[in-house]
Amino acid sequence: MARIQESNFGATPFQKLLGHNPEIMDSWSRLGEVLGKDVRLSSELKEQVRRALAQENGCEYCKAKGKPEPHLFDEKTSIAIGFTEVFLKTKGDLPDSIFNVLRESFSDEEISELCAFMAFTTASQYFGAMMKLEA
C-alpha cells in the first residue's frame, strides 16, 4: 500500500499519487511522454533502459513491468544497457571513459537524449520507491 492516499486525478497509480498536485502531474506526464517516444533513440531501446533502471531503483511498481529482455537487444541497446549499469553502480558519477565508449555508437544528440531519459526515469522510480508504490 502506498504511503499516501491516491488522489482523484490521474490515470495510473503513479499519476494518482502525483495528482495531489495536478500541475506537477500534468507536466511530469507530458515530459514522460516526450522522453518515451521515438526521437533520436527508439522507444524500444528506452524501454530496455527503463527496465534495467527499475531493477535497482527500488520501485516495486516499475520492477513489476519486467526485467530487460537481452534477446531483443541490438548493438546500440547493448551499449545503452552497459552505460545504464555503470550509471547505477556509480550513482551517476560516470567516468569520462564511458562517454568515450558511447561516442563510438551514439551522436551527441543521442547521448543527451539517453541521459535525460535516464535521469527522468530514475527520478520517477525514486518517487515510486519513496511512496511505496506497488503493482
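A residue is called buried when its relative accessible area is under 20%. By this cut-off, Cys-62 is buried in the predicted model, because its relative accessible area is 11%. Cys-115, at 27% relative accessibility, counts as partly exposed. Over the protein as a whole, buried residues account for 38% of the 135 residues.

The cysteines were then examined for disulfides. A disulfide is a covalent bond between the sulfur atoms of two cysteines. A pair of cysteine sulfur atoms must lie within 2.5 Å to be counted. The cysteine sulfur closest to that of Cys-62 belongs to Cys-59, and the two are 3.2 Å apart, which is too far for a bond. For Cys-115, the nearest cysteine sulfur is that of Cys-62, 19 Å away, and Cys-115 is in no disulfide. The count of disulfides in the model is zero.

The protein contains seven helices and zero strands, and its pattern along the sequence reads α-α-α-α-α-α-α. The radius of gyration is 15 Å, close to the 14 Å given by the globule rule for 135 residues, so the protein is as compact as a globular protein of that length. The C-alpha trace spans about 45 × 30 × 25 Å along its principal axes. Of the contacts between residues at least 6 apart in sequence, 61% join residues at least 24 apart. The accessible surface comes to about 7900 Å², and carbon and sulfur atoms contribute 52% of this area.

In soluble globular proteins, nonpolar side chains tend to be buried together. The largest nonpolar core of this model has 22 residues, and the members that touch the most others are Val-49, Phe-83, Leu-102, Phe-106 and Leu-114. At least two residues of this core come from each of helix H3 (43-57), helix H5 (75-90), helix H6 (96-103) and helix H7 (108-130). H5 gives the most, with six residues. Beyond its neighbours within four places in sequence, Leu-114 is in contact with Leu-41, Leu-45, Val-49, Ala-80, Phe-83 and Leu-102. Another core, of 11 residues, lies apart from this one and includes Phe-14, Leu-17, Phe-127 and Met-131.

Helix H3 has 15 residues, and its first and last C-alpha atoms are 20 Å apart, close to the 21 Å expected at 1.5 Å a residue. Its buried residues are Leu-45, Lys-46, Gln-48, Val-49, Arg-50, Arg-51, Ala-52, Leu-53, Ala-54 and Asn-57. The cover over these buried residues includes helix H2 (22-36), helix H4 (60-63), H5 and H7. Just after H3 comes Gly-58, which has a positive phi of about 85°.

Helix H7 has 23 residues, which at 1.5 Å a residue should span 33 Å; this agrees with the 33 Å between its end C-alpha atoms. Ser-124 is located in H7. Ser-124 counts as buried because its relative accessibility is 12%. When neighbours within four places in sequence are left aside, the contacts of Ser-124 are with Phe-14 and Trp-28. Lys-132, which follows H7, has a positive phi, near 55°.

Definitions and conventions. Residues numbered from 1 in each chain as written. Predicted model: local features only at pLDDT ≥ 70, side-chain atom pairs only at ≥ 80, totals over all residues. Heavy atoms only, no water. Core = buried A, V, L, I, M, F, W, Y, C linked by side-chain atoms within 4.5 Å. Buried < 20%, exposed > 50% of the residue type's maximum accessible area, 1.4 Å probe, protein only. Helix = DSSP H or I, 4+ residues; strand = E, 2+ residues; numbered from the N terminus. Contact = heavy atoms within 4.5 Å. Expected span 1.5 Å × (residues − 1). Rg over C-alpha atoms; globule rule 2.2 N^0.38 Å. Areas by Shrake-Rupley, 256 points an atom, 1.4 Å probe, with all protein chains shown as cover.
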